[in-house]
Structure formats: C-alpha cells, structure tokens
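Have a look at the model first, then read on.

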Amino acid sequence: MYFAKRPLARTLEAIKYTRGNLQILNQLALPHETIFEPVRNVQEGHAAIKTMKTRGAPAIAIVAALALAVDVNARAAQKEFKSAVDAAQFLHDSLEYLKTSRPTAVNLFDAAAKLDALVQSIAQKATEPAAVIDAYLAAAEQMLIDDVQDNKNIGKYGAEYIVSHVKDKNNINVLTHCNTGSLATAGWGTALGIIRDLHRNGNLKHAFCTETRPYNQGSRLTAYELVYESIPATLICDSMASALLRLNPGVQAIIVGADRVAANGDTANKIGTYQLAITAKYHGILFIVAAPSTSVDISTKSGKEIVIEERPANELVMTTGLLENNTPATVRTAADGIQVWNPSFDVTPSELISAIVTERGVVVKQPGQTEFDMASFLGQ
C-alpha cells in the first residue's frame, strides 16, 4: 500500500511543540503525504487555521495559543518589549487577530479570552515584561496537556452512555461524520475517542464514517485513523447514511463532534451533521454530540445566533487526490460557470440530540424538555 512508504504513527500526532518551536501536520496533504510544517509566528498560525492545514475545534485553539507562544518567545529573546504593558498589548492584539481565523470555533474564542484575562491580570502587577510572557507561555502549554485528558474523559463517558442506552449491546455499530480524532485535537479525539473506547473495551462491532464532502475530512482523515487503529470500519459517502440505517439495524448510534454548542444545546458542526440528526431521529437511534466544555458557549442562547462561515467555491468544485501513478493532482469536478453555496457548518437543533458528552460527564435533557440546560450542567 502507499501508506507503507511513511510510518502511520507519525500522522496521529498533529501538533509537535517544545518551547520556542511549533510544528503542525499539514492535514491538506493527508492521507497521501505526511508533512510537518513550522509555525513561527501568529501570521503563520492564522494561515494554518484559515486554510485548514489545522482543523478541529480543540486543535485550532491549541495551535493558535502555541503559535503566539512561539512568536512572543522569539520577540522576548530579542528584547522587543520595553515594559509589561507592551508585552500585554502585543499578546492582546495577537489573540484578537487569531480569533478571525475561524469565527465559528468557540474553543478558539474561549482560549483567547482566558489567556487574555490572565495576561491583563499579570500586567497590572508586573514590573518586567518577562513576568507577563512567562505566565502566557505556561498557560498556553498547559492547554496542550489538558486537552488530551479531557478527550480521554469524553471517550470514557461516551462509551459508557452508548453501551447502557442501545437496544442490542451485542451488535453495536456506529456512524461518525467529519474528523474528530487525534488529528482534530491534541490527542485521542472527541467523537472518534468514544469509538476508540468502544473498540478498546470490546463493545464495538463496526464503525462507519462518512466521506464528509466537500473537503473529505472523513475519507482523508477519519478513515486514515481508523485504519491505523485497526478498528473495523467502512467508508460511505454522505448521501448513503439513511440507506445504511434502514438496511443495517446494527447501526445504533451516530456520534459527531461540535464547533460550538449553544446554551440550549443547539450544535454547530461540520456541514451534513443536521441531516444525520434528522435520519437518526427517524430511525430511532442515538444521536450523540461529543465536545469539551470549552465548545459550549453559554452566551449564545440558541443556534439562531451562531454565525456560519462560508468557504471558497473551489473547495466544492475541485478535488485533490492521487492519479494512478501516485502523482498528486487537483481536478475540477463541476461545470464551469455554476454558482456555489459552500457553508462550512450547519446547526442541529437540540430536540434532535440524544446527549452531549463532555469531559465532565454526559448532559441529557430533563423529561419532557426539548432543550438542554448547559449552564446548569456547567455550574454557570
């Protein structure tokens, strides 16, 4: 196989960081090439997120924070900052700029807000810029560590919930959408982390993943991770999901990630998620959202307030892959002159969601309710 030319294990580490050095896996090149690229400043971090070299809500926040960590560390070494206020202002402005790279990903905004609050607090008391910079570096680096543990908790809670709520515990098949694994996080994954736990515990019979058009994160990335983990899996195109559920009653849950969860549980996720929730409801199976609590935006009351990013038309009318001679190529698949609508996300109403799994536990609706109370669950 083509994969044998490169060690698969490397591709499951999407972020490589040591203080002063950040490398990200260029996910646009997967599954055909494993390319790590340096991120030396906030501009390169912004570009990596905007062009989707880095994607997945948790990974976006971490790469943004660490890109700024590398940048400010280098500037501090050159003694660019004359005071603590100077350093704090640079960090604040950079975080504001990084937020524009992916406006739907609430994890990015949450991380930026927490880091900025810390910086401003330290700057009020600090007499030297080093105090502000050191505090920022420590906090950004801790985010990388915390994300892995959060994802493992999501996997544990989600797997337990599925096993206890499916009708046939001896025939658990699941379907997932987009990519929510190690490549979308600091490690392990959210929705795919649940699938990993089901498999590791001997509860999973088979996993299905959608192609996830138009950017093919399912076929390029999720399929790649499933193959690496030796999890029995089958790839389908997005339009096959309803037929799969009708013909295969063993598929008892659809598990997806989230870019933003509103206070009532409405969830913005990769385009195509909404239609999967509709077909799950019709077929009477579980529809589960897996996301860290940092993806929950209590200030957004419902999905109606979530701004949906629109992506370039070329992502829909062009596709990239390998020719028969293993040469990479990008080809056009649509007619010239056709208009294109390419939203990156859609919003799934809370009434279609069975449960929201976080690192703190599983959120369910109260009997008779169609909405979640995310604020109460999070103690806010």
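About 50 Å³ of space sits in the second largest cavity (on a 1 Å grid over the protein atoms alone, a cavity is a set of points where a 1.4 Å probe fits but cannot get out). Volumes here are the space filled by probe spheres set on the points, with grid points joined across faces, edges and corners. Bear in mind that this is a predicted model: local features need pLDDT of at least 70, side-chain atom pairs count only at pLDDT 80 or more, and totals for chains, interfaces and linings use all residues. Residues are numbered from 1 along each chain as its sequence is written, and side-chain values use heavy atoms, with hydrogens and water left out.

**Confidence**

- The protein's average pLDDT (the predictor's confidence in each residue, from 0 to 100) is 93, and 97% of the residues score at least 70.
- Go carefully with residues 1-11: pLDDT stays under 50 there, and the model has 22 contacts beyond four places in sequence for this stretch (contact means heavy atoms within 4.5 Å).

**Cavities**

- Back to the second largest cavity: its lining (residues with an atom within 4 Å of a point) is Met52, Pro214, Tyr215, Lys270, Ile271, Arg311, Glu315, Asn342, Pro343 and Ser344.
- That lining divides into five nonpolar, two polar and three charged residues; Ala, Val, Leu, Ile, Met, Phe, Trp, Tyr, Cys and Pro count as nonpolar, Asp, Glu, Lys and Arg as charged, and the others, Gly among them, as polar.
- Searching the whole structure turns up five cavities of 30 Å³ or more.
- The largest cavity has a volume of about 190 Å³, and of its 23 lining residues the closest to the centre are Gly56, Ala57, Asn179, Asp259 and Asn269.
- Helix 3 and strand 9 (267-270) each supply at least two residues of the largest cavity's lining, with helix 3 giving the largest share, three residues. Helices (H or I, at least four residues) and strands (E, at least two) are DSSP runs, numbered from the N terminus.
- By class, the lining of the largest cavity has 11 nonpolar, eight polar and four charged residues.

**Pockets**

- The largest pocket holds about 450 Å³ of space (a pocket is an open set with protein on both sides within 12 Å along at least five of seven lines).
- It is lined by 21 residues, and Leu28, Arg220, Thr319, Thr320 and Gly321 lie nearest its centre.
- Helix 11 (314-317), strand 12 (318-322) and strand 13 (328-332) are the elements giving two or more residues to the lining of the largest pocket; strand 12 has the largest share, five residues.
- That lining splits into 10 nonpolar, seven polar and four charged residues.
- The second largest pocket has about 290 Å³, and among its 16 lining residues Asp110, Ala111, Met143, Asp150 and Thr294 are the closest to its centre.
- Helix 3 (57-77), helix 5 (106-125) and helix 6 (129-165) each give two or more residues to this second pocket, and helix 5 gives the most, with six.
- The class count for the second largest pocket is nine nonpolar, two polar and five charged.

**Helix packing**

- Helix 4 (residues 84-99) packs on helix 6 at an angle of about 35°, with the axes 7 Å apart. Axes are lines fitted to C-alpha atoms, for helices over the stretch in contact, and angles run from 0 to 180 degrees between N-to-C directions.
- Ala84, Ala87, Ala88, Leu91 and Leu95 of helix 4 meet Pro129, Val132, Ile133 and Tyr136 of helix 6, a contact with nine nonpolar, no polar and no charged residues.
- Helix 3 and helix 4 cross at roughly 145°, their axes coming within 11 Å.
- Here Ala64, Leu68, Asp71, Val72 and Arg75 of helix 3 touch Phe90, Leu91, Ser94, Leu95 and Leu98 of helix 4, for a tally of seven nonpolar, one polar and two charged.

- Most residues other than glycine have a negative phi, and most peptide bonds are trans.
- Leu30 and Pro31 are joined by a cis peptide bond, omega about 5°; Pro31 is in the loop between strand 2 (21-25) and strand 3 (36-38).
- Arg213 and Pro214 are also joined by a cis peptide bond, with omega about 5°, and Pro214 lies in the loop between strand 5 (204-210) and helix 8 (217-228).
- Thr212 is found in the loop between strand 5 and helix 8 and has a positive phi of about 65°, although it is not a glycine.
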